[in-house]
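These are my notes from going through one model.

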Amino acid sequence: MTNADNGREPGAAEGHSSTNQPKKERPESAPAKYPVMGPTELSPLFNPESVAVFGASESSDSVGAKVFANLVDGGYAGDLIAINPKHGSVLGKPCFPTIGAAERAIDLAVIATPGRTVAQILRQCGEAGVRHVVILSAGFGETGDAGHA
């Protein structure tokens with residue numbers, strides 16, 4: 001049933017239908033060279049079906065361990081992958097030495113390792129087709145001029 005005044009379904013936002021979302025229009029202020037981003041481009045970042053945690057471990061003082069444990073304890077329902085070359089499993093889940101060894105598509109990678117390892121891990125993520133990464137790391141500015149943004 002549609003609203004007779006505007007042809008939309010009740011409760012549907014202007015320009016959107018609850019059953020069929022039209023293509024987003026470019027705001028007049030946006031330059032034509034930039035594509036309009038719809039919800040699907042960011043869905044794997046904010047609602048990932050698979051998450052790889054670099055630095056996952058069972059060590060209580062590790063950021064990677066805390067992130068991984070929070071995802072497990074929080075009931076994350078997607079595919080959760082531990083990445084750490086020093087472990088074969090973490091909290092009962094298989095652990096892989098590299099993201100390539102996991103042999104599955106990853107929506108989001110969380111890098112919780114020392115700063116000196118981040119560039120190599122980002123390279124691995126790019127090679128594996130990971131499009132979204134969150135970095136929780138230290139050790140960049142402390143290393144001198146090369147570590148400053």
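Predicted model: local features only at pLDDT ≥ 70, side-chain atom pairs only at ≥ 80, totals over all residues.

Entry 1, V72. I found V72 in helix 2. Leaving out residues up to four places away in sequence, I noted that V72 touches L80, L91 and K93. For L91 I also took the spacing: 19 residues from V72 in sequence, and 8.2 Å from C-alpha to C-alpha.

I stayed with helix 2, which covers residues 63-73 and includes V63. V63 is at 45% relative accessibility, and therefore I put it down as partly exposed. I then found V63 in a nonpolar surface patch with V134 and L136. Together these residues have about 210 Å² of accessible area.

Which residues of helix 3 are buried? I listed G115, V118, I121, Q124 and C125, within a helix that runs over residues 115-127. Next I asked which strands these buried residues pack against. I found strand 1 (50-54), strand 5 (108-111) and strand 6 (132-135). After the helix I noted G129, which has a positive phi, near 85 degrees.

I recorded a volume of about 480 Å³ for the largest pocket. Its lining counts 21 residues. I wrote down those nearest the centre of the pocket: G55, N84, P85, T113 and P114. Which element gives the largest share of the lining? I found that helix 3 does, with five residues.

I counted three helices and six strands. Along the sequence I read the pattern as α-β-α-β-β-β-β-α-β. The chain has 149 residues, and buried ones make up 28% of them. I also looked up contacts with a separation of 6 or more: residues 24 or more positions apart account for 48% of these. For the surface I noted that the chain exposes about 10,000 Å², with 52% of that supplied by carbon and sulfur atoms.

Technical notes
Residues numbered from 1 in each chain as written. Heavy atoms only, no water. Buried < 20%, exposed > 50% of the residue type's maximum accessible area, 1.4 Å probe, protein only. Helix = DSSP H or I, 4+ residues; strand = E, 2+ residues; numbered from the N terminus. Contact = heavy atoms within 4.5 Å. Patch = residues over 30% accessible without salt bridge, like charges linked within 9 Å, V, L, I, M, F, W, Y side chains within 5 Å. Areas by Shrake-Rupley, 256 points an atom, 1.4 Å probe, with all protein chains shown as cover. Salt bridge = Lys/Arg side-chain N within 4 Å of Asp/Glu carboxyl O. 1 Å grid on protein atoms, 1.4 Å probe; cavity = no way out; pocket = protein on both sides within 12 Å on 5 of 7 lines; lining within 4 Å. Points joined across faces, edges and corners; volume = space filled by probe spheres on them.
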